[in-house]
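Got your viewer open and a selection tool at hand? Let's take a short walk through this one, stop by stop.

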Amino acid sequence: MESIKGFSLVNWIFVILGLICAFICPAFIQPWSTLTPAGVTIFFVFVGTLLMVIGSNSLIWPIFAAMAGLVAYGCTDGNAIAAALFSNGTVVMMLGVFPLSWALNESGFGYVVAHFLLTRKVLKGRPVLFTMVLFFALLVMAIFTSVFGALMFGLPLVKTLCKQAGYDTDSQYYKLCQVGTYMFATMGCMFFPFTNGMVFASLNSISTAFGAEVSTVAYTISGLVVDVVFIIIYVLMMKFVFRADMSKMANIDAGKLSSEGDNKVTKKQLVLVISFIIAALYSFVVALLPAGAAITIFLSRFGGSLWFCMIVAILCIVHMDGKPIMDIRRALKEGVDWNTLFAIGGFMMLGNYVSSEDSGIMGWLSQVFKPILGGIDNIFVLMLIVCLITIIVSNFFSNMMTVIIFGSVVGPFVANFTNINPVVIMTALVFCAWNAYLTVAANGTAPILLGYEGIDTKFIWTKGIIITIVYAVVAALLFTFSHLYSPFFLRKLIDSDGVYQAT
């Protein structure tokens, strides 16, 4: 929930500049290049909205202001723009995703999974393997809880493990483990595009510019390759590049550590996680079924949006121990992030206006950046530029704004590469934008890491920078590899039609 507080001078500067862009600039600035009169209005309303969001740290009232600006200059009318805000399948789907994710988070299933993975006997005496499984456990935990839940569990867990093994908070192993905890918890919360509202809002905002639907299949498979492989690479870097002493972890007994709540899966947790998996795998199943088959046609009628909502409805009907598995009133009250919901609807709406042929904005952006991006004919080079610029800028600027702005610039040039699914590049954008931690402005969760015991500025701006650059380069390699050089069945899945419509 947004906190209500007064604006600082810097806040006011951004907000006032945003209002000037949205409501005054369109009246005085004439069309240029390929922009039409409507395109000028849309461009300045879009820029003004970004400035107001940055200045106010709100995603709701700037969208209202943007709607008013578009209507005031005759780009649309009030009824049409109000309908466009929420009359799309993505927003409806999130009304199912938010309650389902909240219920799973509340159940504590993620803690049980993490405890189970860390207490396997095969890990004892194998510090490298144990560290890899530790990061994997936190990644999985973040999928079923949230990045905050995984960090609030993971950071103290690493501290306790290190203390038990004999590491102090100044040791390289401790510091590198805490950074790894942050990175893999962040990657876990982005595992599915729809479980992180801000990520999904960003993806849908740039989807028109990329000319691609937000395909859960392409996003998840390409992201999974990065998740798993980078865990291995990162732990090997800890041992062989940063020379962290890992030997003390050989005798660690994770079984002595307690996790929150019961360490055994309850019946309610089991039902919730099965429901979540059924909902999440819908697009994979439809993609694998034979095209034109009766079952494919039947399932496709639901679409991703209704499928999630239907799962939620079933959980509200089915009772366990005399109570419904999901309390929909509480789920809608506590589980739905209305701020993000407005961002999804609002930026999808603005993105469609910006990318429309009538505005001429995309044609102008192509002309401006053609000297820089137009000559790139290698997909890895483009991916590397995307990953490096995104992760550098995101360390000092809003993740969501970085993706929307840079995605709008890069999107038109992706059409030059017919051998790769644009969703893979979109995935690379969000994976690099959210995996930033060098400054407190890098991410909403970055202050949690930067303020944690033992994480000092010198470490962050030396080894932390190295890790950041290596991640960007490895991500570029892996995202390129995941599509072009993965086994045939994976490429077939990645190239299957997206289920979640972006437009």
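Before the first stop, one definition: a helix axis here is a line fitted to the C-alpha atoms over the stretch in contact, and the angle between two axes runs from 0 to 180 degrees between their N-to-C directions. One more thing to keep in mind is that you're looking at a predicted model.

**Stop one: H19 and H21**

Select residues 379–394, which form helix H19, and residues 422–434, which form helix H21. Their axes come within 8 Å and cross at roughly 25°. Angles under 35 degrees count as roughly parallel, so H19 is roughly parallel to H21. The crossing of this pair is right-handed.

Now show the side chains. From H19, look for Ile-379, Leu-382, Met-383, Val-386, Cys-387, Thr-390, Ile-391 and Ser-394; across from them in H21 are Val-424, Ile-425, Ala-428, Leu-429, Cys-432 and Ala-433. Colour that contact by class and you'll get 12 nonpolar residues, 2 polar ones and no charged ones.

**Stop two: H4 and H5**

Next, pick residues 61–72 (helix H4) and 78–86 (helix H5). Here the angle is about 145°, and the axes are 10 Å apart. H4 and H5 also make a right-handed crossing. On the H4 side, Ile-63, Met-67, Leu-70 and Val-71 meet Gly-78, Ile-81, Ala-82 and Leu-85 of H5. By class, that contact has 7 nonpolar residues, 1 polar and no charged.

**Stop three: the core**

Which residues touch the most other members of the largest nonpolar core? Select Phe-347 and Tyr-471: those are the two, in a core of 177 residues. Then highlight helix H8, residues 127–144, which supplies the largest share of this core with 13 residues.

Stay with Tyr-471 and show what surrounds it. Beyond its neighbours within four places in sequence, Tyr-471 is in contact with Met-183, Met-187, Val-226, Phe-230, Ile-391, Phe-431, Cys-432 and Asn-435. You've met two of these already: Ile-391 in H19 and Cys-432 in H21.

**Stop four: along H23**

Last, find Lys-463 in helix H23. Lys-463 is partly exposed, with a relative accessible area of 22%. Leaving out residues up to four places away in sequence, Lys-463 touches Gln-172 and Phe-242. Gln-172 is 291 residues away in sequence, yet the C-alpha atoms of Lys-463 and Gln-172 are 9.9 Å apart.

Leu-477 also lies in H23, which covers residues 457–484. Buried or partly exposed? With 46% relative accessibility, Leu-477 counts as partly exposed.

How values were computed:
Residues numbered from 1 in each chain as written. Predicted model: local features only at pLDDT ≥ 70, side-chain atom pairs only at ≥ 80, totals over all residues. Heavy atoms only, no water. Core = buried A, V, L, I, M, F, W, Y, C linked by side-chain atoms within 4.5 Å. Buried < 20%, exposed > 50% of the residue type's maximum accessible area, 1.4 Å probe, protein only. Helix = DSSP H or I, 4+ residues; strand = E, 2+ residues; numbered from the N terminus. Contact = heavy atoms within 4.5 Å. Left-handed = near helix turned anticlockwise from the far one by under 90°. Nonpolar A, V, L, I, M, F, W, Y, C, P; charged D, E, K, R; others polar. Parallel < 35°, antiparallel > 145°, perpendicular 65-115°, else oblique.
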